[in-house]
Amino acid sequence: TLISGGEMAAPGNWQQEKEGIKDDVETFYNDILKGGDNEGDPALIRVLAENALNAAHWLRDDVQVTFEDYMLFFGGHSVMRSLVPLNASGVELIQKLNAKAEAVGAVIHKNTAATELVMTDGRVNAVKATFNGQEITYTANKGVILATGGFGSNPKYMEQYLPLFADGFSSTNAGATGDGITMTARFGTKVI
């Protein structure tokens, strides 16, 4: 997010209303499905499509993210719908989300490396990590969400999973090293 523009696609947003652009959840859903060559999970795409506008309102109204007075048109979309945060920078999102997290008492451990997923009774219920040089275990009540990004900066995984791009491929995301793949491999997960 820090190095991105932080833009957010949301159908039926306030900027579209102001500019007279007609858009809705179904159009957004179909754009995302088509943009992913119809290989995406329709149920997950439906969740995204049906909740994007509420999320944008939450960011603007609750988190106090300032959005610019224009939108951007990105590939794969049939209409202009991407909201742009202040200064077209993800920094606006990070700063405002951090402030909101602090205001509600959320604890955020930055620079913390997840090292192992802990499974009990067939369910991942904890994550071991290194925080300030010490091992710490985070235990989950309901489940663990793994959101570690891709592996574009891991030459070994690039060669194994995308050999076409293994030679000379470079990524702008130095943190995309496939740590999630490494941690889940012992559970028999596969990369598709």
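Read along the sequence, the protein chain follows the pattern β-α-α-α-β-β-α-β-β-β-α-α. That gives six helices and six strands, seen here in a predicted model. The C-alpha atoms of the chain fill a box of roughly 50 × 45 × 35 Å along the principal axes. Of the 192 residues in the protein chain, 27% are buried. The accessible surface comes to about 12,500 Å², with 54% of that area belonging to carbon and sulfur atoms. Among contacts with a separation of 6 or more, 51% join residues 24 or more positions apart.

The buried residues of H2 are Phe-28, Tyr-29, Asp-31 and Leu-33, and what covers them includes S1 and H3. At the start of the helix, a side-chain oxygen of Asp-24 comes to within 3.2 Å of the backbone nitrogen of Glu-26. Just after H2, Asp-37 takes a positive phi of about 55 degrees.

H4 covers residues 90-103, which makes 14 residues, and its span of 20 Å from first to last C-alpha is close to the 20 Å expected at 1.5 Å a residue. Gly-90, Glu-92, Leu-93 and Ala-101 are the buried residues to look for in H4. Viewed down the helix axis, the buried residues of H4 fall within an arc of 150 degrees, so they line one face of the helix. An α-helix has 3.6 residues a turn, so residues three or four places apart point the same way. On the other side of H4, Gln-95, Glu-102 and Ala-103 are exposed. The cover over the buried residues of H4 includes helix H3 (42-61) and strand S3 (82-85).

The two ends of H4 also have features worth a look. At its start, a side-chain oxygen of Ser-89 reaches to within 3.1 Å of the backbone nitrogen of Val-91. Just after the helix, Gly-105 takes a positive phi of about 80 degrees.

Within H4, Glu-92 deserves a visit of its own. Glu-92 is found in this helix and has a relative accessible area of 6%, so it counts as buried, the cut-off being under 20%. Leaving out residues up to four places away in sequence, Glu-92 touches Gln-64, Val-65, Thr-66, Pro-85 and Leu-86.

Thr-137 and Glu-92 are 45 residues apart in sequence, and their C-alpha atoms lie 31 Å apart in space. Thr-137 lies in strand S6 and is partly exposed, with a relative accessible area of 41%. Apart from neighbours within four places in sequence, Thr-137 is in contact with Ala-126, Val-127 and Lys-128.

Gln-64 lies in the loop between H3 and strand S2 (67-72), and its relative accessibility of 46% makes it partly exposed. Asn-132 has a positive phi of about 50 degrees and is likewise not a glycine. Its place is in the loop between strand S5 (123-131) and strand S6 (134-139). At 64% relative accessibility, Asn-132 counts as exposed, because exposed residues are those over 50%.

Terms used: Residues numbered from 1 in each chain as written. Predicted model: local features only at pLDDT ≥ 70, side-chain atom pairs only at ≥ 80, totals over all residues. Heavy atoms only, no water. Helix = DSSP H or I, 4+ residues; strand = E, 2+ residues; numbered from the N terminus. Expected span 1.5 Å × (residues − 1). Buried < 20%, exposed > 50% of the residue type's maximum accessible area, 1.4 Å probe, protein only. Arc of directions from axis to C-beta. Contact = heavy atoms within 4.5 Å. Polar contact = N/O pair within 3.5 Å; in protein donor to acceptor, adjacent residues only side chain to side chain. Areas by Shrake-Rupley, 256 points an atom, 1.4 Å probe, with all protein chains shown as cover.
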